Amino acid sequence: MADAPAPAPRPGPDGRPSDASLVERTSTGDRAAFEALYDRYARPAYSLARRICVDPDLAEDVVQEAFLALWRNPGAYDRARGGFGTWLMTVVHHRAVDSVRRESTQRRRTMPLTDEVSERGGTPVAGADDAALAAVVGAEVRAALDRLPEDQRQVIALAYLGGYTQVEVAALTGVPLGTVKSRTFAAVRRLRALLRSAWAGEAGGETTGAHR
């Protein structure tokens, strides 16, 4: 007796199959459902990866890895914790950051010895101080982001790291536009307070050290 055909994905408010139903179908090995998710999110995923990785080939690899991970383990997405789009963009963001770090480590390992010695002993090139300062500030911002509530961190990551508009963030997260705006406002205010506190602490430490 032939197996009964799988039920069609449940439509969302716009008449298209919902993300959750497509993920559910993907978990049964439904390639058509997986391809529908890919068609729906590959472009924004690549856009986010490209902003982080810069290199287009690296960004493409990140997107392929993220979707491959979804195909292998659809259960990693927990619909109780938020929309699929937000979850996928978070996966892409983490993989993109990890990819950039791996590339940076690889470049340092393969750097010719003469170049390394030259960098250590030579005169710093123009802009080196600015680059070092930007790296420090970036690390402080990332640390502050980690201290935000999850819902606020999501909207900030999508808007400022992913480059999406608030309307697009609302669509990706599945929450009302007004909620996205209020979360963004609260997140920015919280970030300012955290960074102001961090920088005030550093300034205080420098002052104390100067009087020793």
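**Entry 1: confidence.** I noted first that this is a predicted model. I then looked up the pLDDT, which averages 74 over the protein chain, with 68% of the residues scoring at least 70.

Over residues 1-9 pLDDT stays under 50, and the model has seven contacts beyond four places in sequence for them. Over residues 206-212 pLDDT again stays under 50, and here the model has zero such contacts. Where pLDDT is low, the predicted coordinates should not be read in detail.

**Entry 2: helix H1.** I asked how many of the eight residues of H1 are buried. Seven of them are, so the helix is largely enclosed by the rest of the structure. I listed the buried residues as Asp 19, Ala 20, Ser 21, Leu 22, Val 23, Arg 25 and Thr 26.

**Entry 3: the largest pocket.** I recorded a volume of about 1100 Å³ for the largest pocket. Its lining consists of 36 residues, and those nearest its centre are His 93, His 94, Arg 153, Ala 157 and Leu 161. Sorted by class, the lining has 19 nonpolar, nine charged and eight polar residues.

Which helix gives the largest share of this lining? I found that H4 does, with 12 residues. The helices that each supply at least two lining residues are H2 (31-53), H4 (84-110), H6 (128-146), H7 (150-161) and H9 (177-210).

**Entry 4: helix H7.** I tested the length of H7 against expectation. At 1.5 Å a residue, its 12 residues should span 16 Å, and the end C-alpha atoms are 15 Å apart, which agrees. I found Gln 152, Gln 154, Val 155, Ile 156, Leu 158 and Ala 159 buried in this helix. After H7 comes Gly 163, which has a positive phi near 80 degrees.

**Entry 5: Gln 152.** Is Gln 152 buried or exposed? Its relative accessibility is 14%, and buried means under 20%, so Gln 152 counts as buried. What is Gln 152 in contact with, leaving aside its neighbours within four places in sequence? I found contacts with Arg 183, Ala 186, Ala 187 and Arg 190.

Note on methods:
Residues numbered from 1 in each chain as written. Predicted model: local features only at pLDDT ≥ 70, side-chain atom pairs only at ≥ 80, totals over all residues. Heavy atoms only, no water. 1 Å grid on protein atoms, 1.4 Å probe; cavity = no way out; pocket = protein on both sides within 12 Å on 5 of 7 lines; lining within 4 Å. Points joined across faces, edges and corners; volume = space filled by probe spheres on them. Helix = DSSP H or I, 4+ residues; strand = E, 2+ residues; numbered from the N terminus. Nonpolar A, V, L, I, M, F, W, Y, C, P; charged D, E, K, R; others polar. Expected span 1.5 Å × (residues − 1). Buried < 20%, exposed > 50% of the residue type's maximum accessible area, 1.4 Å probe, protein only. pLDDT = per-residue confidence, 0-100. Contact = heavy atoms within 4.5 Å.
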